[in-house]
Amino acid sequence: QVQLVESGGGLVQPGGSLRLSCTASGSFFSVNAMGWYRQAPGNSRELVARIFPTGRIDYADSVKGRFTISRDNAKNTIYLQMNSLKPEDTAVYYCNGNFPGSGGNAWGQGTQVTVSS
């Protein structure tokens, strides 16, 4: 059983920045991709960014050049640095990870990001 816990959400003005963190805990031996998804009211959940053990990174087109995903393997943590935030980025952001042999996909509870003046 793997647990993912997010933090770092909040209210920011357009053009501002936030840094989200997600830490994995529990018993697991390996991890495949980890990433961030988001869901706004009335919308479906969408991929924002993900990072693979090889270092490969995928970004949604809407966040390229503004968001950066990174990881700290020693801390079992991934981050999402969000710059130049727009009102369209307002959503609940969820951490996701794939843990082979440890239950597969795991989801965090989400952290609210609101971009508004």
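## Surroundings of Gln-81

Beyond its neighbours within four places in sequence, Gln-81 is in contact with Ser-17, Leu-18, Arg-19, Arg-66, Phe-67 and Thr-68. The model examined here is predicted. Gln-81 lies in strand β8, and its C-alpha atom is separated by 7.5 Å from that of Ser-17, a residue 64 residues away along the chain.

The side chain of Gln-81 also makes a polar contact with the side chain of Asn-83, at 3.0 Å. Gln-81 has a relative accessible area of 26% and is therefore classed as partly exposed, since that class lies between the 20% limit for buried residues and the 50% limit for exposed ones.

Strands β7 and β8 pair in the antiparallel sense, with six bridges between them. Within this pairing, Thr-68 stands opposite Gln-81 of β8; Thr-68 is also one of the contacts of Gln-81.

## Strands β1 and β3

Strand β1 runs antiparallel to β3, and six bridges join the two. Val-5 stands opposite Thr-23 in β3.

Ser-21 is found in β3. With a relative accessible area of 18%, Ser-21 is buried, because the class requires a value under 20%. Not counting residues up to four places away in sequence, Ser-21 touches Val-5, Glu-6 and Ser-7, together with Trp-36, Thr-77, Ile-78 and Tyr-79.

## The nonpolar core

The largest nonpolar core comprises 27 residues, and those with the most contacts inside it are Leu-4, Trp-36, Val-48, Phe-67, Leu-80, Met-82 and Tyr-93. At least two residues of this core come from each of β1 (2-7), β3 (18-26), β4 (34-39), β5 (46-51), β7 (67-72), β8 (77-82), β9 (91-99) and β11 (111-115). In soluble globular proteins, nonpolar side chains tend to be buried together.

Val-48 touches Trp-36, Phe-67, Leu-80 and Tyr-93, and its other contacts include Tyr-37, Arg-38, Asp-58, Tyr-59, Ala-60 and Val-63, when residues up to four places away in sequence are not counted. Trp-36 is also touched by Ser-21, while Phe-67 is in contact with Gln-81.

How values were computed: Residues numbered from 1 in each chain as written. Predicted model: local features only at pLDDT ≥ 70, side-chain atom pairs only at ≥ 80, totals over all residues. Heavy atoms only, no water. Core = buried A, V, L, I, M, F, W, Y, C linked by side-chain atoms within 4.5 Å. Buried < 20%, exposed > 50% of the residue type's maximum accessible area, 1.4 Å probe, protein only. Helix = DSSP H or I, 4+ residues; strand = E, 2+ residues; numbered from the N terminus. Contact = heavy atoms within 4.5 Å. Pairing = 2+ DSSP bridges. Polar contact = N/O pair within 3.5 Å; in protein donor to acceptor, adjacent residues only side chain to side chain.
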